[in-house]
Structures are given as structure tokens and as C-alpha cells.
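Reader: Could you take me through this model? I would like to start with the overall fold.

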Amino acid sequence: MSDTAEIKANPMETQSALPPEETERLTREIIAGLKTVFDPEIPADIYELGLIYKVEIKDDRSVDVLMTLTTPNCPAAGELPTMVENAVASVPGVGVVDVKVVWEPAWSPERMSDEARLVLNMW
């Protein structure tokens with residue numbers, strides 16, 4: 001069974017035999033957790049900034065996250081992936097969390113949600 005929920009800035013992909021209601025709960029709570037992680041230099045959360053490229057929830061409840069940073073020289077490069085891992089792992093029912101930082105496709109401001117644009121006054 002494969003469920004895929006497309007979210008504007010961040011696709012959530014589920015290759016899972018978990019019941020749909022559990023997958024939906026995990027998806028909602030993982031997104032809520034990701035929205036608690038902020039780049040220390042930008043007053044918008046990483047989810048709304050479009051830094052999360054993919055979240056995959058697997059049958060064993062492990063979660064793989066593909067993310068990027070605004071630039072390869074981001075001062076928070078060492079801490080943001082750990083913050084993401086901790087935020088996702090804090091969701092009840094989530095197993096092992098694996099976070100990978102990728103550089104392709106490169107992040108651009110077009111990935112930001114309207115909410116992030118409003119916070120950053122980028123209209």
C-alpha cells in the first residue's frame with residue numbers, strides 16, 4: 001500500500017502498510033514538529049521556508065527526511081539536521097529518524113510558503 005500526500009512546499013511520502021488514519025496523524029504531527037525548527041538567522045520555520053524536500057514514513061515507523069539549507073555555507077549547517085531529527089523523533093509512534101542534507105535541487109526563495117514570505121516581508 002502506498003499513500004502520498006502532496007504538501008505545497010514539502011512532499012510527504014508514505015510507503016506504508018500503517019492504517020490511513022495513523023499515517024494521517026503521523027503526517028500532521030511530523031509537520032507540526034518540523035514547524036518548531038527555525039534557522040537561527042531567519043525568523044521563519046524550516047517547513048515554511050521550503051527546506052524540507054521529502055519525508056517518508058515507512059512500515060516500521062522509521063522516517064527518512066531529505067532536507068536542504070539556504071546555502072552550503074549556512075552557519076546552522078551543523079545543528080539544523082539534528083534539530084530536525086529531534087523534532088521528528090519527538091512525535092509519538094515514530095521510530096528511527098534518518099535526516100540527509102541534499103544540495104540538489106538548490107534551495108531558492110520560490111520554495112517558501114506565503115506564510116514565510118509574510119514573516120520575512122518578501123512580497
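Author: Helices (H or I, at least four residues) and strands (E, at least two) are DSSP runs, numbered from the N terminus. This is a predicted model, in which local features need pLDDT of at least 70, side-chain atom pairs count only at pLDDT 80 or more, and totals for chains, interfaces and linings use all residues. Residues are numbered from 1 along each chain as its sequence is written, and side-chain values use heavy atoms, with hydrogens and water left out.

Reader: How many helices and strands does the protein chain have?

Author: The protein chain has four helices and five strands.

Reader: And what percentage of the residues count as buried?

Author: Of its 123 residues, 42% are buried, where buried means under 20% relative accessible area, exposed over 50%, and partly exposed in between (1.4 Å probe, protein chains only).

Reader: Turning to the backbone, where is the cis peptide bond?

Author: The cis peptide bond links Glu104 to Pro105, with omega at about -5°. Pro105 belongs to the loop between strand S5 (97-101) and helix H4 (114-119).

Reader: Which residue has a positive phi although it is not a glycine?

Author: That is Arg61, whose phi is about 75°. Arg61 sits in the loop between strand S3 (52-58) and strand S4 (63-67).

Reader: Is Arg61 buried or partly exposed?

Author: Arg61 is partly exposed, because its relative accessible area is 26%.
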